[in-house]
Amino acid sequence: MEGIDEKISAIINHFHLNNFSFSKRIGVTGTTIDSIVNGRPQKDGTRKKTKPGYDVLTAIIDTFDINPDFLFGKSSIMLKSDATNNPTYSGMPQVIAVNETGDENVVYVPVQARAGYLNGYGDPEYIESLPSFHMPHLTNGTYRCFEVKGNSMVRTFFDGDLVFGKYVEDLRDVKDGRVYVIVSKTEGVVLKRVINRINERQKLILKSDNKDGNYPTYTINAEDIEELWYVTMYASKQMPEPVDIYDRLHELESKIVDLEGTLQRKMLN
């Protein structure tokens with residue numbers, strides 16, 4: 001993660017200034033900025049960088065219209081004006097469904113409804129048109145059920161499976177290696193395993209569990225994400241084989257190994 005000295009250097013370079021001209025613009029000495037960016041010489045030949053004080057940071061923010069979150073590593077957007085125009089992720093889904101007792105329902109998004117969902121996820125009438133149901137054990141959050149489409153997550157989820165996602169209130173809470181449903185205007189509705197790079201680059205890395213080479217890893221910008229749902233449970237049409245079949249196979253395999261050993265010993269004798 002870049003330090004605040006590197007952030008200040010980036011601002012200086014962005015405005016095509018040097019340390020001295022930058023210092024004059026914010027009303028401090030050139031030595032002050034040089035000690036922050038390059039560090040003060042030490043007796044052992046090293047350089048020790050100085051942390052900028054509150055007054056210096058305030059002057060930088062006010063003079064150059066800098067986004068404070070950029071300086072403190074919470075955003076990759078340098079200028080306030082750009083940050084203002086950049087859509088921010090909502091901490092709550094725009095529309096929820098409730099039953100007659102006031103409890104939240106789980107809204108079901110089948111494959112055939114995905115295209116409409118991209119335009120209607122914020123429309124109460126559209127959400128009400130989708131099937132919904134109550135699941136008593138899914139509490140402490142808003143949940144949505146999505147039908148899996150395609151084979152990109154095969155090994156874990158299969159085409160036609162149902163995944164239940166809990167709404168993620170803050171993108172910074174995304175846990176590396178877990179599975180999420182990502183809703184975006186650029187990619188649509190996708191189910192992926194996620195690596196979080198929001199703090200460093202304002203991006204998520206999306207990976208597929210299917211390793212046949214047809215589903216490359218890619219990134220998505222935070223500003224393009226409309227909704228994010230953490231998959232907490234799923235229902236599958238892929239029924240596991242009865243356990244006794246595996247037991248019989250293991251037993252047969254053991255007998256074959258024993259037989260091979262017996263034959264080898266007889267051949268040696």
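Me: Which residues does Lys149 touch, not counting residues up to four places away in sequence?

Reply: Lys149 is in contact with Val111, Arg114 and Asp159, once residues up to four places away in sequence are left out; contact means heavy atoms within 4.5 Å. The model is predicted, with local features requiring pLDDT of at least 70 and side-chain atom pairs pLDDT 80 or more, while totals for chains, interfaces and linings use all residues. Residues are numbered from 1 along each chain as its sequence is written, and side-chain values use heavy atoms, without hydrogens and water.

Me: Why is Lys149 called exposed?

Reply: Its relative accessible area is 54%, so Lys149 is exposed: the term applies over 50%, buried applies under 20%, and partly exposed covers what is in between (1.4 Å probe, protein chains only). Lys149 lies in the loop between E6 and E7. Its C-alpha atom is separated by 53 Å from that of Gly53, 96 residues apart along the chain.

Me: What makes E6 and E7 a pair of strands?

Reply: Strand E6 (residues 143–147) and strand E7 (residues 162–167) are joined by five bridges, and pairing requires that DSSP find at least two bridges. The two strands run antiparallel, and Glu147 stands opposite Leu162 in E7. Helices (H or I, at least four residues) and strands (E, at least two) are DSSP runs, numbered from the N terminus.

Me: What makes E7 and E12 a pair?

Reply: Six bridges connect E7 with strand E12 (residues 225–235), in the antiparallel sense. Here Tyr167 stands opposite Trp229 in E12.

Me: Why does Val183 count as buried?

Reply: The relative accessibility of Val183 is 0%, and Val183 therefore counts as buried. Val183 belongs to strand E8 (residues 178–184). Beyond its neighbours within four places in sequence, its contacts include Tyr117, Leu118, Ile225 and Trp229. Arg193 is ten residues apart from Val183 in sequence, and 14 Å apart in space, C-alpha to C-alpha.

Me: Why does Lys7 count as buried?

Reply: With 8% relative accessibility, Lys7 counts as buried. Lys7 has its place in helix H1. Not counting residues up to four places away in sequence, Lys7 touches Glu2, Phe70, Leu71, Gly73 and Ser75.

Me: Why are H2 and H3 called oblique to each other?

Reply: Helix H2 (residues 19–26) and helix H3 (residues 30–37) pack at an angle of about 120 degrees, with axes 8 Å apart. Axes are lines fitted to C-alpha atoms, for helices over the stretch in contact, and angles run from 0 to 180 degrees between N-to-C directions. Angles under 35 degrees count as roughly parallel, over 145 as roughly antiparallel, 65 to 115 as roughly perpendicular and the rest as oblique. H2 and H3 are therefore oblique to each other.

Me: Which residues of H2 and H3 meet?

Reply: Asn19, Phe22, Ser23 and Ile26 in H2 meet Gly30, Ile33, Asp34 and Val37 in H3. These residues divide into four nonpolar, three polar and one charged: Ala, Val, Leu, Ile, Met, Phe, Trp, Tyr, Cys and Pro count as nonpolar, Asp, Glu, Lys and Arg as charged, and the others, Gly among them, as polar.

Me: Why is H1 oblique to H3?

Reply: The axes of H1 and H3 cross at roughly 125 degrees and come within 8 Å. That angle makes H1 oblique to H3. The contact involves Asp5, Ile8, Ser9 and Ile12 of H1 together with Ile33, Ile36 and Val37 of H3. Its residues divide into five nonpolar, one polar and one charged.

Me: Which residues of H3 are buried?

Reply: Gly30, Ile33, Ser35, Ile36 and Val37 are buried in H3. The elements that the buried residues of H3 pack against include helix H1 (4–14), H2 and helix H4 (54–64). Gly39, with a positive phi near 95 degrees, follows H3.

Me: Why is Asp65 called partly exposed, whereas Gln202 counts as buried?

Reply: Asp65 has a relative accessible area of 33% and is therefore partly exposed. Gln202, at 18% relative accessibility, counts as buried. Asp65 is found in the loop between H4 and helix H5 (68–71), and Gln202 in the loop between helix H9 (198–201) and strand E10 (203–207). Asp65 is not a glycine, yet has a positive phi of about 55 degrees; Gln202, a residue other than glycine, has a positive phi near 55 degrees.
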